Amino acid sequence: MKRILLPAGGAILATGLLAAGLAGAAQAEPTYDAEQLASDAKAAEIINFWTKSNNAALKQATAYYWDNKDVKKIVEKGGYVGNTKPGELPPIGAEKKVTVKSHNVNLPKSIGKVFFEGRDGNLYWCSGTSIQSKYRNLVATAGHCVYDIKANDEVVSKWVFVPGYYQGKAPWGIYVGKQAFTHYDLSVYEDFDRDYAFVTVYNGVGGVFNGSKQVSKSEYDAYKGEKYVKKTEITAAEYDAGVSKYGENGPFQKESVTSSPETVGKPASVVDYNSAKPYLTATGKDGVKLTSVEVTELQYTNAPNGFDNNAKFVGPTNASAQFISQEEYKKLLAEKADGKFLGKVFGLDKDGKETSDPAKQVNWGKKQFFIKKWVKSTTKEVYWVGEFYIVAHAVKDTGRLGDNVGGQGFSWNQGTGKVVRTFGYPYAKHPDGSKPYSGVTPKWCYGKTGPKATKVASLKIEEHVSLKCAVTGGYNGAPWLLKYSNAKRMGYVNGVTSVLYDTDGNDRWDYMSSPYFDEETHAVYSAAANVWSGAITWGLPK
């Protein structure tokens, strides 16, 4: 397998103990990198993030993928061959082989979606699968679904795996990622020939995350956790009748609601202090305040002076003008034409004089106009009858991932040209804008790998294995399974979807590729497969 080396003539300065170490026998670079995704103390917070408000964050996430439009064809090669003998580790629950003849494809329970937050603050998902391990707590996916390559090799945040995910539902629980194991060449050198990851996960968390329970008014008042009131507006007479029957602390309530401020005087005028004074001294429901209102240049010019003779001013900070970029200038011109921008935009020539000739403009500016107004707000009594609810969490430990959904086997150093089945959640559009997949349910591809390999210089890809498949983004991280059994819904993970390609130039993805799983992949997997993670022992916030 290739290793990323320093360029010719490159040098390393070493001092002290480091220099002494280098003087001895050369030490091999590490094979894998291990990074913590969540501490025991933060795991429950991550569960709460994804499940609050009826799993809103899970539903908001979008497909994450790398595509490459530069590849015009898949290069025919003999296929990469590992340095050691082929190896296999059987899947969980399929240690004894069963021969079954079937043309139907039964989807494996082990596959699901990987959810995470990127460094850009957006929520994403990839595909992934449970895989065999000593503690039945391991997930296989693409490395770029764990390391945020765009954020300079920083691991992503709030990483979880949801097997069998469907429209915000987690039938076998949600599993928080504890530790991510990737190849050193990916985490350090961004080498997509090693674009795979094995993630240990805590025990699953399931049950009712956002169950609402209707309670009495007194129970509602006493409850200290998340709660809400469903209000139905009624008349004053209905309120009086309700209070007479249930008392003032019952479901019949009233409250003072402040209306939106309304201008005192004409919209384009400024009300002076004497006109505003009666409202200042009013008690209870009425009051006024001095505020600024943005207006057009004409309204600003015609507005009279008012309170303190300082009723008119230009710009939010009394600045006469603000310099802006040419892009903002063009944007504001369009907004002004639509009536969305009230101020003035202008271009300046090299002498600082306004000009409408784009060829002479070297600077651009804007000017906004404001006048001061007295405004008043009013309040009114609103009557309503309420239904009182508390949000009750009935969360439970669902146990180990492998015990719940099984775990696919693992194989390495296998020859190309073998049949694989891949399972994942395609969602994104093709480059031509067509969107054949919803991302709601998993899809599958079937075919022979290689002997073909892709070369993508920008991602340092030289030894990927290819597969003809027309899926789209969201399928990234999907497992490639050798010897897939419909009866046991199990096979051997021998790759994961890394990059999608348009090889015939018709603006539709038609191929995808996976890193070749060799003895170094086995070393990364073995490091992860023997690490215990345990349970999330404390519950969600009450």
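Residues are numbered from 1 along each chain as its sequence is written, and side-chain values use heavy atoms, with hydrogens and water left out. Because the model is predicted, local features need pLDDT of at least 70 and side-chain atom pairs count only at pLDDT 80 or more, while totals for chains, interfaces and linings use all residues.

**Disulfides**

The structure holds two disulfides, a disulfide being a pair of cysteine sulfur atoms within 2.5 Å. With the bonded cysteines numbered in sequence order, the pairing is 1-2, 3-4. Helices (H or I, at least four residues) and strands (E, at least two) are DSSP runs, numbered from the N terminus.

| Disulfide | S to S | Torsion about the S-S bond | Handedness |
|---|---|---|---|
| Cys126 and Cys145 | 2.1 Å | -85° | left-handed |
| Cys445 and Cys469 | 1.8 Å | about 55° | right-handed |

Cys445 is buried at 11% relative accessibility, and Cys469 is buried at 4%.

**Nonpolar cores**

A nonpolar core is a set of buried Ala, Val, Leu, Ile, Met, Phe, Trp, Tyr and Cys residues joined through side-chain atoms within 4.5 Å. The largest such core has 31 residues, of which Phe116, Val146 and Trp159 touch the most other members. Elements that give two or more residues to this core are strand S6 (111-117), S7, strand S11 (157-163), strand S12 (175-183), strand S13 (197-201), helix H9 (401-405) and strand S33 (499-501). S13 gives the most, with three residues. A second, separate core of 23 residues includes Ala44, Phe115, Ile174 and Ile536.

Contact means heavy atoms within 4.5 Å. Leaving aside neighbours within four places in sequence, Phe116 is in contact with residues including Trp50, Tyr64, Leu123, Tyr124, Val156 and Trp159. The contacts of Phe116 also include both Cys126 and Cys145, the cysteines of the left-handed disulfide.

Helix H10 (residues 519-529) is mostly covered, with eight of its 11 residues buried. Among them are Glu519, Glu520, Val524, Tyr525 and Ala529. Asp518 caps the N-terminal end of H10, with a side-chain oxygen 3.0 Å from the backbone nitrogen of Glu520.

Ser533 lies in the segment after H10 and is buried at a relative accessible area of 4%. The side chains of Ser533 and Asn137 are joined by a polar contact of 2.8 Å. A polar contact is a pair of N or O atoms within 3.5 Å; within protein, one must be able to donate a hydrogen and the other to accept it, and residues adjacent in sequence count only if both atoms are side-chain atoms. The Ser533 side chain also reaches the backbone oxygen of Val201 at 2.4 Å. Not counting residues up to four places away in sequence, Ser533 touches Asn137, Lys178, Val201 and Tyr202.

Methods:
Buried < 20%, exposed > 50% of the residue type's maximum accessible area, 1.4 Å probe, protein only.
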